[in-house]
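Visitor: I'd like to learn how to read a structure like this one, feature by feature. Pick a starting point and take me along.

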Amino acid sequence: TYRPNEFFANNWVYEGLVAYGADGKVEPALATSWTTATTADGGEEFRFTLREGVTFHDGAAWSCAVAKLNFDHFFVPALTGPGWHGWYGLPGALDSWTCDGEVFVVKTKTSYYPLLQELTYIRPTRMLSPNSFVGGITSDPLTQNSCHAGWGTVEEAEGTAVCAGITAVSGTGPFKLGDRVANEDGGDDQVDFLSFADYWGGAPDIETLRVVRYDSHDDVKAALLDGSLDAVVGSGVLAPTDITDFVYADGFDVSHGEATQNTVLIMNIADDDVRKTVVHAVDKGAIIEQKLGGFEEAVSQLFSQATPYCGKDLTPKFFYDKEKAELLHCGGAPATPPPSQRPPSDSKSGPRAVSGSLIGLFAASAVMAVVLAGVVYYMYTKEMAGEPIFAPVKSPMQALGTEDEKGAIVKAEDAI
């Protein structure tokens, strides 16, 4: 499924043809190399040379036939629409996938530059063991599809697929699924991930990774302090003030990685001056210091500069400036409307009518100026009180927690 808190675990267990590396570089994974060529009809052909000697956690061998089986299930027509796997461009761009010996050949309908990047995604293009498909290596993608059984029968204009789920969790990744402790809500309170001794990249040094669910930030902090928890990974698991405390606490190391996404407030305002007023009236520095423990940086663009294709520093920048925010909306509307908006000077709409219009315009301008000034002043007082009205948005993708965002933690254990 696409539940956010499954992604980090899937990334330990499953792999794709290629992987997402540092600085957005696409690196080899279950494919060691690839070539591209333009086809006669204007599409592209990608030829992936598959890694040899790879086994799944259940002992099944990795091969081109397994790669094709997975693609057959991923991209069955019924699941390529926007409500399913068609939320991104790859399903619609693909034309065919076949095997040429142990070379996996993927063709697109037209030139599609992000294909390699999109093959790095955790969903849906990670490879499952053939033994885990209902029906095994001969599984029918239409009647035994590996999509979550809870999706039931998917009926779309493109076709129908019956979601049968999978029989076991088995990938080629560095960790394999171990024991699970379920809770009464149908989720997990604890899950163990075990080092995969036959991993093609070498077995991980950590023999057991234990992910534990806690009910609150305070419970996480208590577990760290009493030694029952070794590490916290991801944002939103500890309160920002707690992170600040651990920076100066003996026996703890706090590391802050490069930002990969920004927390943003998006306001759909057509008027340039109103947008500038809001931006200049919000003190990002105060929010960071008072609500985020002082660890974050103020940003001025939608995507992090660490994101591929977003490395440019955009200008102009609009910094916190209360005085400028007040001035932007304290001038009111022009006293005289432009000629195109003036009423005709006939006997029924002479100077008296124009005067009435001007009075109405002045009144409306005055009311607008007072209202906007009041809004800005209210925003300012809330900021100074440490209670900004624009609270940071918490992305479920940032938190390493359970589906109810209570937080998930990693405990590393060496087997005895």
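Guide: Let's start with contacts: Leu224 touches Leu229, Asp230, Ala231, Val232, Leu238, Phe246 and Phe252, leaving out residues up to four places away in sequence. Contact here means heavy atoms within 4.5 Å. Before we go on, this is a predicted model, so local features need pLDDT of at least 70 and side-chain atom pairs count only at pLDDT 80 or more, while totals for chains, interfaces and linings use all residues. Residues are numbered from 1 along each chain as its sequence is written, and side-chain values use heavy atoms, with hydrogens and water left out.

Visitor: Where does Leu224 lie, and is it buried or exposed?

Guide: Leu224 lies in helix H5, residues 217-226. Helices (H or I, at least four residues) and strands (E, at least two) are DSSP runs, numbered from the N terminus. Leu224 counts as buried because its relative accessibility is 8%; buried means under 20% relative accessible area, exposed over 50%, partly exposed in between (1.4 Å probe, protein chains only). As for Phe252, 28 residues from Leu224 along the chain, the two C-alpha atoms are separated by 9.1 Å.

Visitor: How do H5 and H6 pack?

Guide: Two packed helices are described by the angle between their axes and the distance between the axes. H5 and helix H6 (residues 240-247) pack at about 15°, with axes 11 Å apart. Axes are lines fitted to C-alpha atoms, for helices over the stretch in contact, and angles run from 0 to 180 degrees between N-to-C directions. Lys221, Leu224 and Leu225 of H5 meet Asp242, Asp245 and Phe246 of H6.

Visitor: Now the cores. Which residues of the largest nonpolar core touch the most other members?

Guide: In soluble globular proteins, nonpolar side chains tend to be buried together. A nonpolar core is a set of buried Ala, Val, Leu, Ile, Met, Phe, Trp, Tyr and Cys residues joined through side-chain atoms within 4.5 Å. The largest has 30 residues, and Leu17, Phe48, Trp62, Phe71, Phe104, Val106 and Leu115 touch the most other members. Elements giving two or more residues include strand E4 (44-50), helix H2 (64-74) and helix H4 (115-119), and H2 gives the most, with five. Phe71 has Leu17, Leu94, Trp97, Phe104, Val106, Leu119 and Met127 among its contacts. A second, separate core of 13 residues includes Ala9, Tyr14, Phe133 and Val191.

Visitor: What does the side chain of Asn183 reach?

Guide: Here you look for polar contacts: a pair of N or O atoms within 3.5 Å; within protein, one must be able to donate a hydrogen and the other to accept it, and residues adjacent in sequence count only if both atoms are side-chain atoms. The Asn183 side chain reaches the backbone nitrogen of Gly187 at 2.9 Å and makes a polar contact with the side chain of Asp189 at 3.1 Å. Asn183 is in the loop between strand E9 (175-182) and strand E10 (188-195), and it counts as buried because its relative accessibility is 17%.

Visitor: Which peptide bonds are cis?

Guide: Check omega: the bond from Arg123 to Pro124 is cis, near 5°, and the bond from Thr315 to Pro316 is cis, near 0°. Pro124 sits in the loop between H4 and strand E7 (153-156), and Pro316 in the loop between H8 and helix H9 (322-328).
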